[in-house]
Amino acid sequence: IDYSVFSTDLAEQIHGRAAEFAPRIRQLGPVKAMEYRGQRDGAELFRVVFEKQATDWVIAFDAEDQINALLYRPAHGD
């Protein structure tokens with residue numbers, strides 16, 4: 001993980017929980033497709049389709065263009 005793209009606070013959170021989240025992401029399989037879905041409340045929305053599951057991601061950036069929020073969940077219908 002390239003922690004330099006994250007805000008200091010988020011980098012610390014991710015680093016502290018990497019052992020928990022990395023296996024969850026790996027179990028989804030390889031990425032098959034990514035689609036930009038627009039913006040909402042200042043965050044960027046993406047649909048990421050893995051081999052075993054489609055997911056929706058929310059990525060927000062701070063004033064220094066570092067990621068300061070990163071959330072994902074199983075994809076809901078269009």
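Because the model is predicted, local features require pLDDT of at least 70 and side-chain atom pairs count only at pLDDT 80 or more, whereas totals for chains, interfaces and linings use all residues. Residues are numbered from 1 along each chain as its sequence is written, and side-chain values use heavy atoms, with hydrogens and water left out.

Read from the N terminus, the elements follow the order α-β-β-β-β. Along the principal axes, the C-alpha atoms fill a box of roughly 30 × 30 × 15 Å. Of the 78 residues in the protein, 27% are buried; buried means under 20% relative accessible area, exposed over 50%, and partly exposed in between, with a 1.4 Å probe and protein chains only. Contacts (heavy atoms within 4.5 Å) were also sorted by sequence separation: among those between residues at least 6 apart, 24% join residues at least 24 apart.

The interior comes next. In soluble globular proteins, nonpolar side chains tend to be buried together. Here the largest nonpolar core has six residues, namely F6, L10, A11, I14, I59 and I67. Helix α1 makes the greatest contribution to this core, with three residues. A nonpolar core is a set of buried Ala, Val, Leu, Ile, Met, Phe, Trp, Tyr and Cys residues joined through side-chain atoms within 4.5 Å. Leaving aside residues up to four places away in sequence, I14 touches I1, Y3, F6 and L70. S7 sits in the segment before α1 (8-26) and counts as buried because its relative accessible area is 11%. With residues up to four places away again not counted, S7 is in contact with D62, Q66, I67 and N68.

Rolling a probe the size of a water molecule over the atoms shows where empty space is left. On a 1 Å grid over the protein atoms alone, a pocket is an open set of points where a 1.4 Å probe fits, with protein on both sides within 12 Å along at least five of seven lines, and lining residues have an atom within 4 Å of a point. Grid points are joined across faces, edges and corners, and a volume is the space filled by probe spheres set on the points. The largest pocket has a volume of about 580 Å³. Its lining holds 18 residues, with I14, F21, W57, L70 and Y72 lying nearest the centre. At least two lining residues come from each of α1, β3 (54-61) and β4 (67-74), and α1 supplies the largest share, eight residues. The lining divides into 15 nonpolar, two polar and one charged residue; Ala, Val, Leu, Ile, Met, Phe, Trp, Tyr, Cys and Pro count as nonpolar, Asp, Glu, Lys and Arg as charged, and the others, Gly among them, as polar.

The structure holds two aromatic pairs. Rings of Phe, Tyr and Trp (its six-membered ring) pair if their centres lie within 6.5 Å; planes under 30 degrees apart count as stacked, over 60 as edge-to-face and the rest as tilted. The ring centres of Y36 and F46 are 5.4 Å apart and the planes meet at 65°, so this pair is edge-to-face. Y36 belongs to strand β1 and F46 to strand β2, 10 residues apart. Both count as partly exposed, Y36 at 45% relative accessibility and F46 at 24%. The rings of W57 and Y72 are stacked, because their centres are 4.7 Å apart and their planes lie at 20°. This pair ties strand β3 to strand β4, across 15 residues in sequence. W57 is buried at 15% relative accessible area, whereas Y72 is partly exposed at 30%.

Finally, the backbone. Most residues other than glycine have a negative phi, and most peptide bonds are trans. D41, in the loop between β1 and β2, has a positive phi of about 50° and is exposed at 79% relative accessibility. D65, in the loop between β3 and β4, has a positive phi near 65° and is exposed at 63%.

Key. Helices (H or I, at least four residues) and strands (E, at least two) are DSSP runs, numbered from the N terminus.
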